[in-house]
Amino acid sequence: MILIWLGGGPATIDMWDMKPSASSMIRGEFQPISTTLPGLQICEHMPQLAKLMHKCTLIRSLKHAIPAHGPGSQYLITGNLPSAAVEYPSLGSVTAKMLDSLGGVPSYVTFGDPPSREAGYLGSAWNPFELDASLPQLPEGISLGADADLTAFQKRVRLRDLFDRQFDSRNADRVASGIDAFQQQAVDVLRQDTVRKALDIETVPDEVKQRYGTSTVGTNAIRARRLIEAGARFVTVGVDGWDTHVNNFTQLRTNLLPQLDKALAGLIFDLDRRGMLNETVVCCCGEFGRTPQVNASAGRDHWSSAMSLLLAGGGFREGYVHGATNPTGTEVSDSPLGPADLAATILSRLGIDPATHTQTSSGRTMPIVRNGRIVEDLLMPAHAT
């Protein structure tokens with residue numbers, strides 16, 4: 001899965017659920033355009049994505065009751081209602097734990113600083129391999145280097161393993177086991193050089209780079225696709241700047257929407273062209289939407305009662321719009337679903353039963369997703385259960 005996380009909460013009423021017949025203080029400044037899915041219109045500032053909507057699933061009826069960044073993000077990224085008693089794992093951490101990975105590539109990778117990305121009660125062994133989203137060049141420390149002595153490196157690994165075995169025989173500690181897992185992951189990354197090659201986009205044809213765009217989100221979307229191709233299971237690309245309380249339309253028009261349009265369309269097109277889309281879920285969302293009513297600063301504020309998100313690939317139903325909001329976009333009017341339902345459905349497409357029970361550090365057993373249902377209407381008929 002590749003999750004494009006729009007941190008801050010995107011104004012989906014100006015993107016994928018426009019209200020052109022509403023008053024000016026609701027419909028905003030943008031015009032809708034037609035797409036390759038008959039009858040569906042999206043924002044004029046997403047023309048590349050408009051050409052691919054026949055490949056996508058658009059959900060217009062997601063809702064929850066937490067219009068606050070931290071807990072709202074936690075709800076979306078874990079699929080579980082936030083609790084002071086339990087730190088739930090991200091879907092990326094669940095995927096890393098439940099699915100086998102290929103040696104040399106971390107199962108779960110994040111670009112940037114998306115919230116609630118860690119493993120919670122599963123333990124630190126399933127935390128993500130984190131990369132700086134804004135780094136234009138390859139990060140240091142992901143390869144041994146041309147002058148490295150592989151034999152000496154192997155000896156150091158064996159010596160470390162000897163010390164670890166002696167320590168582990170005296171200490172049954174979850175933190176220590178998490179460190180061991182990260183060390184083994186680091187050794188695999190250094191030995192095989194697969195991650196470095198996936199992150200190095202210098203060899204990517206200019207035509208492909210231009211399709212994704214030269215923005216940070218475009219570059220990281222290319223890297224995410226290459227990591228999935230190399231064997232990663234879950235990659236999150238964090239994109240900040242979507243908390244548009246002020247000058248919402250200027251920010252969307254000049255920066256946020258054009259960059260996202262190219263990156264997301266480029267990703268979906270590229271995955272499809274490479275025969276990877278059927279096996280890869282693409283999801284683009286944030287923690288909530290934004291108010292239908294435009295505020296006095298030409299912005300929109302937090303709104304979790306009605307929001308949209310986009311899915312593609314992985315057995316999700318192509319060319320399908322799920323649910324609807326009322327004429328003013330204030331509430332869901334058809335086929336509502338919540339973050340738990342979304343998480344359960346996504347996990348099912350990854351081959352993970354969302355009702356699977358896991359164990360917390362205290363020994364408590366609980367399902368991966370509480371209170372979530374698989375929404376069969378979102379799935380291709382061949383995949384419906």
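Hi everyone. Two strands pair if DSSP finds at least two bridges between them, and strands themselves are DSSP E runs of at least two residues, while helices are H or I runs of at least four, both numbered from the N terminus. This is a predicted model, where local features need pLDDT of at least 70 and side-chain atom pairs count only at pLDDT 80 or more, while totals for chains, interfaces and linings use all residues. Residues are numbered from 1 along each chain as its sequence is written, and side-chain values use heavy atoms, leaving out hydrogens and water.

Now, the core. A nonpolar core is a set of buried Ala, Val, Leu, Ile, Met, Phe, Trp, Tyr and Cys residues joined through side-chain atoms within 4.5 Å; buried means under 20% relative accessible area, with a 1.4 Å probe and protein chains only. The largest has 61 residues, and Ile-4, Trp-16, Leu-49 and Leu-264 touch the most other members. Helix 10 (residues 248-273) gives the most, 11 residues.

Finally, why is helix 3 (residues 69-78) described as largely enclosed by the rest of the structure? Because 7 of its 10 residues are buried. Among them are Tyr-75, Leu-76 and Ile-77.

Definitions and conventions
Buried means under 20% relative accessible area, exposed over 50%, partly exposed in between (1.4 Å probe, protein chains only).
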